[in-house]
Amino acid sequence: MKNETINRILTSLFLIPLSFFFIIKGSFYFIFFISIFFLLTIYEWHMMTSKKKYYFPGLIFVFFSYYSIYLLRTDNDANSSLIFLFVFLICIGTDIGGYIFGKTFKGPKLTKISPNKTYSGMFGGFFLSIIIINIFINYSHLLGFNDIEFTFEGLVLVVLISFVSQVGDLIMSYFKRLSKLKNTGKIIPGHGGILDRIDGMIFAFPFSYIIFKFF
C-alpha cells in the first residue's frame, strides 16, 4: 500500500504539470494531448466491456465526453482556457481530497459499489476542490487572467462539478465491478488505467460544457 501511494504521488507530480502545459498551450498541442487520452480510453473501455450490452452506449458517451472537452477548450471565447482549468482543477482536487481524507479518516462506507469510498472521502473531495479553486482564482493573474473573483455562484458551481465528478467515479466503479476488474489498466503507476484516473472528468466536463454554454 505504501509503495502504491508513493507511485501515485510521483506519477501525479509528473502528469499534472504535463497536463497544464498542453491545456495552456492549446491549439495543436491540446488536440494531440486529448487524442492520445481518447484512444487509450476507447481501448480500455473496449477491453473491459467488449462483450457487454452496455459496450456501445459507453462508446457513444466517451465520444460525446471528449467532444465536449474539445469544445470547452477550443471555444473562441478568450476565457476558454480559464474555464477548462477551472473544471480540470476541481476534478483533481476532488480526486486528491477524496483519496487523502478517505485514507486518513476512513469511517463509514459510502456505497457497496466501491468499498474504498467513504463519507470522509466525499467531503474531503468537496473541501479540497474548493480550496484549490480559491487559490487558483487568487493567483490567476499570474496566468494572464484578470478581474476574477470567487463568488457564491462560483462556490455552488465548484460543489456541483465536484459532485458530478464523484458520481462519475462511482459509475465507473460500478462498471469495473460488473467486469470483475479492480483497475481498467496498468498504464499509470499507482493509479491503474486511464479510465481509473479520468473517470470523474469524463462526466464532469460534459456537465460543465452544458452549464457554461447554455446557462
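Is lysine 180 buried or exposed?

1. Lysine 180 is exposed, because its relative accessible area is 78% (buried is under 20%, exposed over 50% and partly exposed in between, with a 1.4 Å probe and protein chains only). Lysine 180 sits in the loop between helix H6 (152-178) and helix H7 (194-198). Its phi is near 60 degrees, a positive value in a residue other than glycine.

2. On the source: this is a predicted model, in which local features need pLDDT of at least 70, side-chain atom pairs count only at pLDDT 80 or more, and totals for chains, interfaces and linings use all residues. Residues are numbered from 1 along each chain as its sequence is written, and side-chain values use heavy atoms, with hydrogens and water left out.

3. Lysine 106 is not a glycine, although it has a positive phi of about 50 degrees. Lysine 106 is in the loop between H4 and helix H5 (119-138). With 51% relative accessibility, lysine 106 counts as exposed.

4. Serine 81 belongs to helix H4 (residues 80-105) (helices are DSSP runs of H or I with at least four residues, numbered from the N terminus). Serine 81 counts as buried because its relative accessibility is 12%. Leaving out residues up to four places away in sequence, serine 81 touches Arg73 and Phe145 (contact means heavy atoms within 4.5 Å).

5. Phe21, Phe28, Tyr29, Phe32 and Ile36 make a nonpolar surface patch of about 510 Å². Areas come from the Shrake-Rupley method with a 1.4 Å probe. Helix H2 (residues 27-49) gives the most to this patch, with 4 residues. Phenylalanine 28 is in helix H2, and it is exposed, with a relative accessible area of 57%.

6. The largest pocket has a volume of about 1100 Å³. Of the 39 residues that line the largest pocket, Arg8, Ser114, Asn116, Lys117 and Asp169 are the closest to its centre. Helix H1 (2-25), H4, H5, H6 and H7 are the elements that give two or more residues to the lining. A pocket is an open set of points on a 1 Å grid where a 1.4 Å probe fits, with protein on both sides within 12 Å along at least five of seven lines; lining residues have an atom within 4 Å of a point. The volume is the space filled by probe spheres set on the points.

How values were computed
Patches are made of residues with over 30% relative accessible area and no salt bridge: like charges are joined within 9 Å, nonpolar side chains (Val, Leu, Ile, Met, Phe, Trp, Tyr) within 5 Å. A salt bridge is a side-chain nitrogen of Lys or Arg within 4 Å of a carboxyl oxygen of Asp or Glu.
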